Amino acid sequence: MSKAVEIQQEVTIKFAGDSGDGMQLTGSLFTDNTALSGSDLATFPDFPAEIRAPQGTLAGVSGFQLHFGSREILTPGDECDVLVAMNAAALKANLQHLAPGSTIILNVDGFDKKNLRLAKYEEGENPLESSLLDGFEVIRMPVTKLTREALAQSELSTRDKDLCKNMFVLGFLYWRYNRKLDSTLDFLKQKFGRRPALLEANITALRAGYHYGDTIEAFTSRYEVKAAPLEKGAYRNIMGNEALVIGLIAAAQKAGLPLFYGSYPITPASDILHGLAAYKHFGVRTFQAEDEIAAICAAIGASYGGNLAVTGTSGPGMALKTEAMGLALMLELPLVICNVQRGGPSTGLPTKTEQSDLLQALYGRNGESPVPAIAASSPADCFWAAFEACRIALQHMTPVILLSDGYIANGAEPWKFPRAAELPSIEVRFRKARDNDEPFLPYERDERFVRPWALPGTKGLAHRIGGLEKEAGTGNVSYDPANHEFMVKARQAKVDKIADYIPEQELSIGPEKGEALFLGWGSTFGLVKSVVKDLLAEGYAVAHAHLRYLRPFPRNLGSLLQQYDKIIIPEINNGQLCQLIRSDFLRDVIPYNKIQGTPITKAELKGFARQVLGDSRPPVPQ
Amino acid sequence: MARTVLGFEAHETYGANKAKTLRTNKGMSATEGTTIMSAKDFATSQEVRWCPGCGDYSILKQVQAAFAELQLSRDEVVFISGIGCSSRFPYYMETYGMHSIHGRAPAVASGLKIARPELQVWVVTGDGDGLSIGGNHLIHLLRRNFGIKVLLFNNQIYGLTKGQYSPTSEEAKATKSTPMGSIDHPLNPLAFALGVDGSFVARTMDRDPRHLKEMILRCHAHEGTAFLEIYQNCNIFNDGAFQAFTEKESKADAAIFLEHGQPLRFGSNSEKGIRLDCFRPVVVNLEKDGFSAGDLWIHDEKDICKAHLLARFFDDPARREHHYLPRPFGVLYAAERPSYEKMLHEQIAAAIELKGEGQLDELLAGAATWEIR
């Protein structure tokens, strides 16, 4: 039966269900499929900290939001056009994020008495029977029942059959958006290749969902979102942590060094450890240490031995690593410390996003302890940020903090990936072996104020380093007052000097002079750019600059800020970059802060911007 | 930023001058590799700053002597330490070295050993550094069995912070931080090391240089983690802590020296021995109790159960009575187990064998790509 296909420009769809319903997987598979169709996209997975939070409850709702379109997509979308709700709690938790007139696809089997009670609906109240859903297009599907029926011939237990209901839903969506099943079939074959019964059941459920759309007369429309006009080239879909992993390996290869990764499991950074552990054939050495401190200390040992050494964690782990970071900066050894930020302080909000570790990165150590910090701005940008963090660490002999966050770590977007040959090589020089009697000076500095990297095992360079203050040149322990002051200044100057080896700050969009500059850093890139784009279209004289380098700042940042009357800084924290800009440039700024564990929405920032900018637009010519 | 750079430049002259005048690092012999290394070749130009009379001097001397005996290359050895008196050790060894942070030397050494398995990596630590703040890392170093040698200087006191009790201090010890006596139960380092499945566990003392050197050589020969507890006298804050084991008049009765394949005998005329009565070690007097050497416990370094019993010979020598079990010195346990770094590199080799050497272009492209034309 052929049904009409309606073309849509963009769609935001959210998959919501119990944390055991496989919503993250369903969302990821739909995303991969969408990416292959050529649409631009951005995702936002949102899940509870508990692996299996109490079934059916509001606390246990796991969501995955995907925004895709045939035009440039910069954010995962404020409101959903389509909500897939696997049970009553999923509906209740997400109803307020639905745009009027949007579509709700419901698993009616998830609305029995028990589910309604767990979702805290009033006794006797059932949203399926009330006026609550008036104004929405509601698609009611008995997903559990239909999946069981589709799998009637399967030898699996009912419990295992029920685990396939996400595939039924996915199949239905593939029908609705006129997709091919191939990418998911390939995935299932890979995952369940050795368990034929499970493989068959998942494929059957997927196909059953697809055919259900095709055969049920009630569904008259299918939709299609065309490919986006992206720059020419080869693309793949990528998540932030995955991009970070690849960036580290690429940097190691381009530097000609083995990669060492020391880490302790922590949300949301663990996927970096998992990712790297799977790439042993790239010579990657992963070490799951006994704690956060051991993870960074082992990395310091590996760096001393000449590896590209990296450790990764999130906020609480950063707190534990601070003393060792101080050691690394005193030793002046290369080290990359990845912080995939989450809501803090303390254990905070492990699965929610926040940008609140910026000041910790810059100041969270004892003594005068400058450490360069850079931030990734999108899932794919995690690749470039990781590559750059490694370059700075290796070429400037310093620990470098790389800031990502939960939002981009788990978010995905299409990536026009580079060829290996296009990546710049990272030149690393070890001090060479020698036979003469000339003393080796481990703390002698070159024109960048960088000391030599002398590896144990190199003939003629035996030397001792440590956390006690070093004498300039010799590196011997020194308590000399003037020497200490000199070394403090030297370590600072070394980090400041990096500004000469990084690019100047550029605008992502907007005029070089104007009413306001939106200055962002990290994962707010897509949001701020898309808001500024809209404001420009509305006639405001605004621009957007997004900081990758947070220490040292790009050398032109001060002059750039002077080109605008107002500096607006949106952050998912209580105003941390604001403090830095105020203190470094004596320039007041206008903060916009949201600290709710979720990204800032376009509507929120745009509303704030209009309020701040008022009627500053020039009159639109008639 | 300009401010700090200017500040740095103002002091630059100071740095340059200092660098010229302070080139005190000892140069390397031009012909190393063909020269015979002496103990002195392992000494640095740095003035040794332990207190006069400290037991650390003896340990330093015996390590240098053992390394000369082994003809180790100075370039292939790395000493990693934490914080404390003992942890100044790397500064006095003309090898590579790192004086790291408190308690973390085992972790630093682990990373180094993964990066560079061919290096000889030694950890120097103390009872506070290794068993208190760094106890966790020592657990995991021992169970993973890295090819690293650990010298734990046990003086039963915090020396560098001037005399607080340590995890190995005896009960009721009065110190600055325990004016009414310590209520901490002391930790038994060898029982600890065996408890976490250390593959080589031994004890020696600063005052017996011959035995000390022998144990250092045994550590060197061991493939996995070698854990050597060294009783070390802190003559400032805990003088005479191990007197019973080190002084001539009491040593024979208070200490027992283990030798693989030999019966457990002690006493000034070797008249006493240890017999196993089922699982209970019993002190017998060969001259009075009617037992012969053949009835005694024969030491077997490979026997983990007996090693656990030996580690429990922890009686207070001050209360030496009839049933007193002498403190054992020597190798309690030595077993062969593959080292962590060996297995790690074998896995990498196996992955390359299985999948072929990783290709960056394939990694960048991932599993599924599409083309925008």
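Contact here means heavy atoms within 4.5 Å. Keep that cut-off in mind for this tour of a predicted model, in which local features need pLDDT of at least 70, side-chain atom pairs count only at pLDDT 80 or more, and totals for chains, interfaces and linings use all residues; side-chain values use heavy atoms, with hydrogens and water left out. Residues are numbered from 1 along each chain as its sequence is written, and chains are lettered from A and ligands numbered from 1 in the order in which they are written.

**Stop 1: colour by confidence**

The average for chain B is 91, and 91% of the residues score at least 70. Now select residues 1-33 of chain B: pLDDT stays under 50 there, although the model has 68 contacts beyond four places in sequence for this stretch. Where pLDDT is low, the predicted coordinates should not be read in detail. For the complex, the predictor gives an ipTM of 0.93 and a pTM of 0.93.

**Stop 2: where chain A meets chain B**

Show both chains and select the residues in contact: 100 from chain A and 79 from chain B. Together the two chains bury about 7300 Å², of which 64% is on carbon and sulfur atoms. (Buried area is the accessible area, with a 1.4 Å probe, that two parts lose on being put together, summed over both.) Next, pick out His281(A), Glu290(A) and Arg464(A), which supply 11% of the area that chain A buries against chain B, more than any other three residues.

The term stands for a side-chain nitrogen of Lys or Arg within 4 Å of a carboxyl oxygen of Asp or Glu. The rule finds two salt bridges across this interface. It also finds 26 residue pairs in polar contact, both residues being at pLDDT 80 or more. (A polar contact is a pair of N or O atoms within 3.5 Å; within protein, one must be able to donate a hydrogen and the other to accept it, and residues adjacent in sequence count only if both atoms are side-chain atoms.)

Which helix gives the largest share of the side of chain A that touches chain B? Select residues 481-497 of chain A: this is helix H16, with nine residues on that side. (Helices, H or I with at least four residues, and strands, E with at least two, are DSSP runs numbered from the N terminus.) By class, this side of chain A has 55 nonpolar, 23 polar and 22 charged residues. Ala, Val, Leu, Ile, Met, Phe, Trp, Tyr, Cys and Pro count as nonpolar, Asp, Glu, Lys and Arg as charged, and the others, Gly among them, as polar.

**Stop 3: the domains of chain A**

Two salt bridges are counted between domain 1 and domain 3 of chain A. Zoom in on Lys533(A) and Glu72(A), a salt-bridged pair whose closest N and O atoms are 2.9 Å apart.

Then select Arg148(A) and Asp162(A), whose salt bridge has its closest N and O atoms 2.8 Å apart. Arg148(A) sits in helix H4 (residues 143-150) of chain A and Asp162(A) in helix H5 (residues 158-162) of chain A, so the pair ties together parts that are 14 residues apart in sequence.

**Stop 4: the domains of chain B**

Bring chain B back and colour domain 1 (36-261 + 299-340) and domain 2 (263-298). Their C-alpha centres lie 28 Å apart. Contacts join 17 residues of domain 1 of chain B to 15 residues of domain 2 of chain B. These domains of chain B bury about 1300 Å² between them, 70% of it on carbon and sulfur atoms.

How many salt bridges are counted between domain 1 and domain 2 of chain B? The count is one. End on Lys272(B) and Asp253(B), whose side chains meet in a salt bridge at 3.0 Å from N to O.

Notes: Domain bounds come from an automatic or database domain assignment. pLDDT is the predictor's confidence in each residue, from 0 to 100.
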